[in-house]
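The sequence and model come next.

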Amino acid sequence: MDDPAQLSEYGKILIILLIGALLVCATIFLARLISPKKNNPIKSSTYECGEDPIGSSWVQFNPRFYVIALVFLLFDVELIFIFPWATVFGQSEYIAADGRWGWFTMIEMAMFIGILILGLVFVWKKGDLEWVKPNVSLPKVPVNIPQSAYSTLNNSSYQVRNYREPAVAVVENTVAQEVTAAPKIAFKPRFKKPE
């Protein structure tokens, strides 16, 4: 065991870390060496969920998403401290050495979980766990159309053409009007070309 040629446990860990770092660096180097390099302005632009970024990035947004994620992460990480306690709590060697061991660890974990529950109650009372719920309201537009006109339209029955039959060019009791020229588009959209 005292042979200096033999690796210690830390030496084995160091070798594993060096091999891992070497593999990561080799992978990144090969990716840069083999990958095609055809950059253009469109590839170099910012990409966000398939949409071109428009406007400034300094916009206000609701930080509630981050607060809920942080609260979840906090309570999730706290479970890491419960696992070692659970493995040590019932060991008979410690209980045989001192009979108060079980009660001490139980009170210690009760205090820990109590502090967590107080934190959860505080976050709950503060309203940080409430999700943003939209206020559903029917739109009301001030118009001078009487309500009876709406009820007449809604209560009337309309004939629906069967979509499987081909459309008939000439409809009975209807005068076909010829369209001499196509109407001009009132609004023509303009798209911003990428620079």
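Which residues are buried in H5? They are Gly102, Thr105, Met109, Leu116 and Val123, where buried means under 20% relative accessible area, exposed over 50% and partly exposed in between (1.4 Å probe, protein chains only).

## About the model

This is a predicted model, in which local features need pLDDT of at least 70 and side-chain atom pairs count only at pLDDT 80 or more, while totals for chains, interfaces and linings use all residues. Residues are numbered from 1 along each chain as its sequence is written, and side-chain values use heavy atoms, leaving out hydrogens and water.

## Helix H5

Helices here are DSSP runs (H or I, at least four residues), numbered from the N terminus. H5 has 26 residues and reaches 38 Å from first to last C-alpha, close to the 38 Å expected at 1.5 Å a residue (1.5 Å times one less than the number of residues). The buried residues of H5 pack against helix H3 (64–89), with contact meaning heavy atoms within 4.5 Å. After H5 comes Gly127, with a positive phi near 90 degrees.

## Thr105

Thr105 sits in H5 (residues 101–126) and counts as buried because its relative accessibility is 3%. A polar atom of the Thr105 side chain lies 3.0 Å from the backbone oxygen of Gly102. Leaving aside residues up to four places away in sequence, Thr105 touches Trp85 and Phe89.

Technical notes
Helix = DSSP H or I, 4+ residues; strand = E, 2+ residues; numbered from the N terminus. Polar contact = N/O pair within 3.5 Å; in protein donor to acceptor, adjacent residues only side chain to side chain.
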